[in-house]
Amino acid sequence: EQDTKEPVTEDSPNADSWQAALCREWEEVTAEVEAMGVRRAIIRTGMVLSTAGGAFPRLLLPFKLFAGGPMGSGRQWMPWIHHEDEVGAIRFLIEREDASGPFNLCAPNPVTNTEFARVLGRVTRRPSFVPVPGFALRLAFGEVAELVLKGWHMLPKRLEEQGFSFKYVELEAALREMSTDDGAMKFEHRFRVKAPREAVAEFHLHASALKALTPPLIFVQLDTPPPDPLGEGDSFTFTMWVGPLPFKWGSRFEEVSAEGFSDVQTRGAFAFWRHRHHFIRIDDQTTEVHDQVEARLRPHPLLGPVGLVMWLGMPLLFAYRARRTRKLLAG
């Protein structure tokens, strides 16, 4: 864990940083199992290239909106690994009875941040020259920004010594394999509420829940009185006011059952939007709410950036929704 041109392997000395200290604390949590005779293989993973989640979809969004480019100096190294190789390497270590100790899970050809942006721009056919200044990232994210502003020329020395064979060793091949998807973005969120599943489902099927679960900085105005409660095939439209700016949104309810339902955007900022609500019974008085959202941005000069801002705010939005749901149903 060093910002250096020198390769970093499992044998390299520990860096003197909060990231390195946190990593050591994580790894030490499981150290006691070795005294019990249990084999312990420790994985240290580079950025996993997957459109299903993690850091990569957030790096990809600016490129889709023609605003991609290097972060900070661009000279920092970015160890990466294709999601198929990540899964394959973990299975390999599980099955190898002689594999123990730390293992770097990353492709054998790391690249600099500038090179990563250049290749991603070429694969997505988007420009890759819009830089993100380091000071802006530090102002926005504090010390966490160092995770992307400082890099590690990490190599999978021990993994290759054990005989693991990578499927994707070059960045461009890995990115092109993922470029065959439909551009969908995915988000998931789970929380539990002290209320019966029936009560949780009924609450969410009333249009009044939309206003109750919307953050106070956003004003929601229903354009037409919707059915109450909403059922299979029902739809309604509303206007979201973000400050002085109005945005129209239409929803249609599908797959409605006691276990959940989906609301699908019929009009709005996204090219496609589907929000699946799952209500999972834990016991008679406890329900787990599992939200799954799938969306695609519009290639539009106004709605594209609006959709991007909305998507980046999803973690905050659903954290607010969870807190409000608990208060309204369990209070």
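The following exercises, each with a worked solution, concern a predicted model of one protein chain.

Residues are numbered from 1 along each chain as its sequence is written. In this predicted model, local features need pLDDT of at least 70, side-chain atom pairs count only at pLDDT 80 or more, and totals for chains, interfaces and linings use all residues, while side-chain values use heavy atoms, with hydrogens and water left out.

**Exercise 1. The chain as a whole**

Task: State how many helices and strands the chain has, and what share of its residues is buried.

Solution.
- Step 1. The chain contains 13 helices and 13 strands. Helices (H or I, at least four residues) and strands (E, at least two) are DSSP runs, numbered from the N terminus.
- Step 2. Of the 331 residues, 43% are buried. Buried means under 20% relative accessible area, exposed over 50%, and partly exposed in between, with a 1.4 Å probe and protein chains only.
- Step 3. The C-alpha atoms fill a box of roughly 65 × 50 × 35 Å along the principal axes.

**Exercise 2. The sheet**

Task: Determine the order of the strands in the open sheet of 7 strands, and identify the edge strands.

Solution.
- Step 1. The order is S7-S13-S12-S11-S10-S9-S8, with antiparallel pairing. Two strands pair if DSSP finds at least two bridges between them.
- Step 2. Strand S7 (185–193) and strand S8 (218–222) are the edge strands, since each pairs on one side only.
- Step 3. From one strand to the next, the twist averages 25°. Axes are lines fitted to C-alpha atoms, for helices over the stretch in contact, and angles run from 0 to 180 degrees between N-to-C directions.

**Exercise 3. Pairing around S9**

Task: Describe how strand S9 pairs with S8 and with S10.

Solution.
- Step 1. S8 and S9 are antiparallel and share 5 bridges; here Leu222 has Phe238 in S9 as its bridge partner.
- Step 2. Strand S9 (residues 235–242) also pairs with strand S10 (residues 245–257), in the antiparallel sense, over 8 bridges. Ser235 stands opposite Arg252 in S10, and Thr239 stands opposite Lys248 in S10.
- Step 3. S9 and S10 form a hairpin with 2 residues between them, and Gly243 in the turn has a positive phi of about 65°.

**Exercise 4. Helices on the sheet**

Task: Name the strands across which helix H10 lies and those that helix H13 touches.

Solution.
- Step 1. Helix H10 (residues 197–204) lies across S7, strand S11 (260–267), strand S12 (270–283) and strand S13 (286–297), and runs at about 155° to S12.
- Step 2. Helix H13 (residues 314–330) packs on the sheet and touches S7, S12 and S13; its direction makes about 25° with that of S7. Contact means heavy atoms within 4.5 Å.

**Exercise 5. Selected residues**

Task: Decide whether Ser262 is buried or exposed, and do likewise for Arg125.

Solution.
- Step 1. Ser262 lies in strand S11 and counts as buried because its relative accessibility is 1%. Residues that Ser262 touches include Arg252, Phe253 and Glu255.
- Step 2. Glu255 is in strand S10. The phi of Glu255 is near 55°, a positive value in a residue other than glycine. With a relative accessible area of 45%, Glu255 is partly exposed.
- Step 3. Arg125 is in the loop between helix H5 (113–124) and helix H6 (134–141). At 75% relative accessibility, Arg125 counts as exposed.
- Step 4. Pro229, in the loop between S8 and S9, is joined to Asp228 by a cis peptide bond with omega of about 5°.

Technical notes:
Lists of a residue's contacts leave out its neighbours within four places in sequence.
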